[in-house]
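Hello,

Here is the structure you will be working with. Please open it and keep it beside this email while you read.

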Amino acid sequence: MIGLIKDLKDLVNGELRDAYLHGFKSAASEDKVNVVEKSGSNGSKNKLSDTLVYKGERLAIDFDQVDEDAIRALQSNSVQTNNYNELSTVLSTKLNKVVADSIVEGRSIPNTVAEMQKVINTETYKLTRIARTEMTNVVNEGRLASYQKQEKVRKKPFKYTLVVASGSRTCDAHHELARRIPAKGLLMNELIELQQSVGSSYGFTLRGNSLLHPNQRTVLMRVP
């Protein structure tokens with residue numbers, strides 16, 4: 001199981017660049033802003049995708065080394081949660097307890113294995129939840145990076161909001177955020193402060209720019 005955790009983490013890390021890029025491009029496409037990739041030591045520019053080349057007088061933003069550095073930071077967990085490491089520790093502790101209890105209670109090997117499998121099945125669900133959460137968060141980080149580059153080009157700050165999923169699966173913290181974020185949006189620093197304030201009242205700590213907890217389904221958007 002420990003190997004499975006590592007394999008899934010490696011797989012997710014391999015997909016992080018695509019997720020970040022998807023967020024970056026989708027935010028640019030909202031206003032038909034061209035995305036150009038800077039590549040090579042000479043700083044040459046290549047169009048990142050023909051599907052995002054808009055004709056006429058359109059703004060353009062660069063997907064450059066700053067973004068590659070941001071992706072590496074996400075991959076190294078400097079921004080992401082430490083859930084993988086925590087899950088590995090918890091799993092080891094739970095499996096060790098199963099073995100210890102089995103010895104004390106004199107359980108048979110098949111019974112011990114069955115109990116260990118129950119623990120593994122429970123933690124496998126958590127692995128999937130962590131992976132889904134990380135991908136959603138990275139897409140939002142890519143979106144924000146794109147918006148902030150557009151701000152520089154347009155020379156004006158954007159207002160932001162969070163698109164919060166409705167329904168019983170949405171936590172109370174995000175229901176409250178949905179109520180308190182004004183329709184006209186907030187400056188990014190104001191949105192971060194609000195998330196920190198609301199999150200802390202529910203026992204959450206903001207990670208990155210918009211991640212409060214695992215299994216989060218919010219989307220960061222600018223308000224037109």
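Helix α4 covers residues 109–154 of this predicted model. Just after α4 comes Lys155, which has a positive phi of about 60°.

The largest pocket has a volume of about 280 Å³. It is lined by 15 residues, and those closest to its centre are Tyr20, Val66, Ala70, Ala145 and Gln148. Two elements, α2 (65–75) and α4, each give two or more residues to this lining. The largest share comes from α4, with six residues. By class, the lining of the largest pocket holds eight nonpolar, three polar and four charged residues.

The second largest pocket has a volume of about 180 Å³. Of its 13 lining residues, Arg169, His213, Pro214, Asn215 and Gln216 are the closest to the centre. The lining of this second pocket divides into four nonpolar, six polar and three charged residues.

Is Glu190 buried, exposed or partly exposed? Its relative accessibility is 34%, so Glu190 counts as partly exposed: buried would need under 20%, and exposed over 50%. Glu190 and Tyr160 are 30 residues apart along the chain, and their C-alpha atoms are separated by 9.1 Å.

Regards

How values were computed. Residues numbered from 1 in each chain as written. Predicted model: local features only at pLDDT ≥ 70, side-chain atom pairs only at ≥ 80, totals over all residues. Heavy atoms only, no water. Buried < 20%, exposed > 50% of the residue type's maximum accessible area, 1.4 Å probe, protein only. Helix = DSSP H or I, 4+ residues; strand = E, 2+ residues; numbered from the N terminus. Expected span 1.5 Å × (residues − 1). 1 Å grid on protein atoms, 1.4 Å probe; cavity = no way out; pocket = protein on both sides within 12 Å on 5 of 7 lines; lining within 4 Å. Points joined across faces, edges and corners; volume = space filled by probe spheres on them. Nonpolar A, V, L, I, M, F, W, Y, C, P; charged D, E, K, R; others polar.
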